[in-house]
Amino acid sequence: MSNKDKSRWIRSISIGLFIFLLFSLYLFARRGYYNLYIINKVFGSTATVLAGVTLLIGPLSKRFPFFAKGMTIRRQMGLLAFVLALIHVVISTLFLPNKFPVSWFTKEWLPITFGVLAVITWVYTAYISRNSKIKELGATVWGKRLSISGQIAFLFIFLHLVVMKSEGWTRWFQGLVKQTPELANPSYPPASLFVLLTMLIVIIFRVYIFSKRFTRSSTGG
Ligand code: HEM
């Protein structure tokens with residue numbers, strides 16, 4: 001690995017660690033404890049936010065030069081997010097049988113299906129992100145494919161989150177979530193609402209860019 005690559009990985013991992021720490025501290029403050037159940041939430045949330053950042057950097061760097069630095073670490077951040085998501089999948093399916101038994105998975109089959117689809121699309125994205133694929137496909141086709149498959153994976157994660165969590169969010173907004181031994185501060189919003197907010201920012205921004213490009217090309221601009 002070249003020094004350049006090493007430095008890119010170090011920067012990506014530092015950003016990942018920072019987001020991981022923020023979610024860990026927040027969930028500890030809300031829940032009052034920290035264990036594998038919480039760590040699993042942190043892995044899923046950090047992976048999602050990192051994936052969102054990789055989708056924002058491209059369009060942001062075109063408008064604001066400050067973000068251009070981030071362009072060089074997009075690939076590392078995307079791959080790091082992918083690894084964190086895989087850890088979240090492994091913990092969810094194998095290491096928390098008391099929290100998530102088989103009956104839970106059958107009841108929650110729809111959001112889990114979206115999670116599986118996200119992983120499959122993400123595997124494809126990671127597969128084509130290799131340098132050898134740039135030569136094989138040509139830079140333009142490669143860039144487009146990478147961007148589209150990344151965005152599709154992100155939409156599947158969005159559906160995984162919204163379908164699984166919306167009932168809990170509604171209960172929280174209605175003030176029905178009460179203090180329990182597992183929830184020290186029920187007045188704090190669920191951490192997944194912050195993940196939702198990040199995802200909405202990314203999606204709205206990308207839709208805005210898409211619609212601008214579309215109107216420009218349809219008016220011949
Ligand atoms: C086979 C695929 C997947 C499975 C089996 C799975 C499993 C789960 C489970 C069991 C939960 C509930 C956690 C809880 O309530 O504590 C969850 C929530 C979540 N998952 Fe996944 N997941 C999958 C894919 C993904 C992917 C690809 C991502 C994106 C990186 C992701 C991100 C999240 C997020 C952000 C949450 C909400 C965490 C929270 O409650 O704060 N999941 N997932």
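Predicted model: local features only at pLDDT ≥ 70, side-chain atom pairs only at ≥ 80, totals over all residues.
The chain contains 9 helices and 0 strands. Read from the N terminus, its elements run α-α-α-α-α-α-α-α-α. Along the principal axes, the C-alpha trace spans about 55 × 45 × 35 Å. A compact globule of 221 residues would have a radius of gyration near 17 Å, and the value for the chain, 19 Å, agrees with this. Of the 221 residues, 26% count as buried. Among contacts between residues at least 6 apart in sequence, 76% join residues at least 24 apart.

The buried residues of helix 1 are Ser 12, Gly 16, Ile 19, Phe 20, Phe 23, Leu 27 and Arg 31. They pack against three other elements: helix 2 (36–63), helix 4 (74–95) and helix 9 (191–218). After helix 1 comes Gly 32, which has a positive phi, near 90°.

Helix 9 is one of the partners of helix 1. It has 28 residues, and the distance from its first C-alpha to its last is 41 Å, close to the 40 Å expected at 1.5 Å a residue. Buried within helix 9 are Ala 191, Ser 192, Val 195, Met 199 and Val 202. The elements that cover these residues include helix 1, helix 2 and helix 8.

Helix 6 (109–128) can be described in the same terms. With 20 residues, it reaches 29 Å between its first and last C-alpha atoms, close to an expected 28 Å at 1.5 Å a residue. Its buried residues are Ile 112, Phe 114, Gly 115, Ala 118, Thr 121, Trp 122 and Thr 125. These pack against helix 4, helix 5 (102–107) and helix 8.

Which residues touch the most other members of the largest nonpolar core? In this core of 33 residues, they are Ala 47, Leu 50, Ala 51, Ala 81, Phe 154 and Ile 157. Two or more core residues come from each of helix 1, helix 2, helix 4, helix 6, helix 8 and helix 9. Helix 2 supplies the largest share, 9 residues. In soluble globular proteins, nonpolar side chains tend to be buried together. Phe 154 shows some of the contacts in detail: leaving aside residues up to four places away in sequence, it touches Ala 51, Leu 55 and Val 202. Of these, Val 202 is among the buried residues of helix 9.

The ligand has 23 residues around it, and those that come nearest are Gly 44, Ala 47, Ala 85, Ser 92 and Gly 115. The elements giving two or more residues to this shell are helix 2, helix 4, helix 6, helix 8 (139–173) and helix 9. Sorted by class, the shell holds 13 nonpolar, 9 polar and 1 charged residues. Ala 47 is one of the core residues with the most contacts to other members, and Gly 115 is one of the buried residues of helix 6.

Lys 69 is placed in helix 3 (residues 68–71). It counts as exposed because it has 11 C-beta neighbours inside 10 Å. Its C-alpha atom is separated by 9.1 Å from that of Ile 57, which is 12 residues away along the chain.

Is Ser 132, a residue with 8 C-beta neighbours inside 10 Å, buried or exposed? With that number of neighbours, Ser 132 counts as exposed. Ser 132 belongs to helix 7 (residues 131–137). Between the C-alpha atoms of Ser 132 and Pro 97 the separation is 41 Å, with the two residues 35 apart along the chain.

Val 141, found in helix 8, is exposed as well, since 12 other C-beta atoms lie within 10 Å. Val 141 and Val 90 are 51 residues apart along the chain, and their C-alpha atoms are separated by 33 Å.

Terms used:
Residues numbered from 1 in each chain as written. Buried ≥ 20, exposed ≤ 12 C-beta atoms within 10 Å, placed from the backbone. Helix = DSSP H or I, 4+ residues; strand = E, 2+ residues; numbered from the N terminus. Contact = placed C-beta atoms within 7 Å. Near = placed C-beta within 6 Å. Nonpolar A, V, L, I, M, F, W, Y, C, P; charged D, E, K, R; others polar. Core = buried A, V, L, I, M, F, W, Y, C linked by C-beta atoms within 7 Å. Expected span 1.5 Å × (residues − 1). Rg over C-alpha atoms; globule rule 2.2 N^0.38 Å.
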